[in-house]
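Have the sequence and the fold side by side as you read.

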Amino acid sequence: MSRLLLEGISRVFEKEGGQSTQALDNVSLDIKAKEFVCFIGPSGCGKTTLLRAIAGLDTPDSGKITLDNEHITVPDPRRGMVFQEYSLFPWRTVMHNITFGLEMQGMGKKEVIEIADKYLKLVGLEQFKNSYPYELSGGMRQRVAIARALANEPKVLLMDEPFGALDAQTRNILQQELLQIWEKKGVTILFVTHSVDEAVYLADRIVVMSARPGKIKEVINVDLLRPRDRTSHEVNTLRERLLNMLAEARDQ
Ligand SMILES: Nc1ncnc2c1ncn2[C@@H]1O[C@H](COP(=O)(O)OP(=O)(O)O)[C@@H](O)[C@H]1O
Ligand SMILES: [Mg+2]
């Protein structure tokens, strides 16, 4: 289950003075439960707008988004979101960043701590539970953000360039860890990235978007076994194909 269906999603942002931006134009996609889908495309092609609509943080002008036939109109912890950076509460400890959403749901204190402990362990940060975000590296902060989203047991995890601010080595490690978590938790992941390498390493399917207006240009199935060898011939061939597509998407 957990089928996520996007049907003809369009979104226009009206500007004062009459000018408007069409951020999304008739985007349709059928995403299976537990699928790992990466979105890639030039800046401004509507990737964030699309994730926000799926999160229920923004309402499309036309089209429909459903999760298991349920129309999405408002945010729900079952659709967790992880942003690029600055998404943790700086005044709360690691532990209390993770407990926040659960407390909001009115869950009992003991249960909240148990769940938070479980997810801290999953992302390997048990020893840092009493630290504050400023005491952590960028990679550790993103692990906390992932644990916080997962603590709500989401069916769908929406990730908007979550590793974009990390150095290359940390990024590779977090990609591996995310795949392990994804396999273990059986969650559907929608992952926006600027990086062709990242998309090829992670995705079951890669959605290539083009800008102005934001449309789906192509959907590519990645039929390579995991863990993928980042330097293999197949990976390189696919990277080259994607780079060409992105160059075209930019020129359109
Ligand atoms: N709240 C908003 N108000 C006006 N324009 C917006 C708003 N959000 C996004 N846009 C515009 O919509 C387009 C798509 O933006 P976005 O979804 O952020 O693209 P991406 O994440 O792919 O870089 C851009 O042209 C952007 O300027
Ligand atoms: Mg964006």
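Start with leucine 67, which stands opposite glutamate 70 in β5. Keep in mind as we go that this is a predicted model.

Now zoom out to the whole sheet. Strands of a sheet pair through backbone hydrogen bonds, and they can do that either parallel or antiparallel. Here the sheet is open, with four strands in the order β2-β1-β4-β5 and antiparallel pairing. At its edges sit β2 (20-31) and β5 (70-71), each of them pairing on one side only.

As for handedness, α2 passes α4 in a right-handed crossing. On the α2 side, the contact is made by Val94, Asn97, Ile98 and Gly101, while α4 brings Val144, Ala147 and Arg148. Sorted by class, the contact of α2 with α4 comes to four nonpolar, two polar and one charged residues.

Stay with α4 and turn to its other partner here, α5. The axes of α4 and α5 come within 11 Å and cross at roughly 15°, which makes α4 roughly parallel to α5. This crossing, with α4 passing α5, is right-handed. Gly138, Gly139, Gln142 and Leu150 of α4 meet Thr170, Leu174 and Lys185 of α5. What classes of residue make up the contact of α4 with α5? Two are nonpolar, four polar and one charged.

Finally, step back to the domains. The domain assignment gives domain 1 as 1-78 + 157-235 and domain 2 as 89-153. Taken over C-alpha atoms, the centres of domain 1 and domain 2 are 24 Å apart. Where they touch, domain 1 supplies eleven residues to the contact and domain 2 supplies eight. Which element gives the most to the side of domain 1 that touches domain 2? Helix α5 (residues 168-185) does, with four residues. By class, that side of domain 1 has eight nonpolar, one polar and two charged residues.

Key
Residues numbered from 1 in each chain as written. Chains lettered and ligands numbered in written order. Predicted model: local features only at pLDDT ≥ 70, side-chain atom pairs only at ≥ 80, totals over all residues. Domains from an automatic or database assignment. Contact = placed C-beta atoms within 7 Å. Helix = DSSP H or I, 4+ residues; strand = E, 2+ residues; numbered from the N terminus. Nonpolar A, V, L, I, M, F, W, Y, C, P; charged D, E, K, R; others polar. Left-handed = near helix turned anticlockwise from the far one by under 90°. Pairing = 2+ DSSP bridges. Axes fitted to C-alpha atoms, helices over the stretch in contact; angles between N-to-C directions. Parallel < 35°, antiparallel > 145°, perpendicular 65-115°, else oblique.
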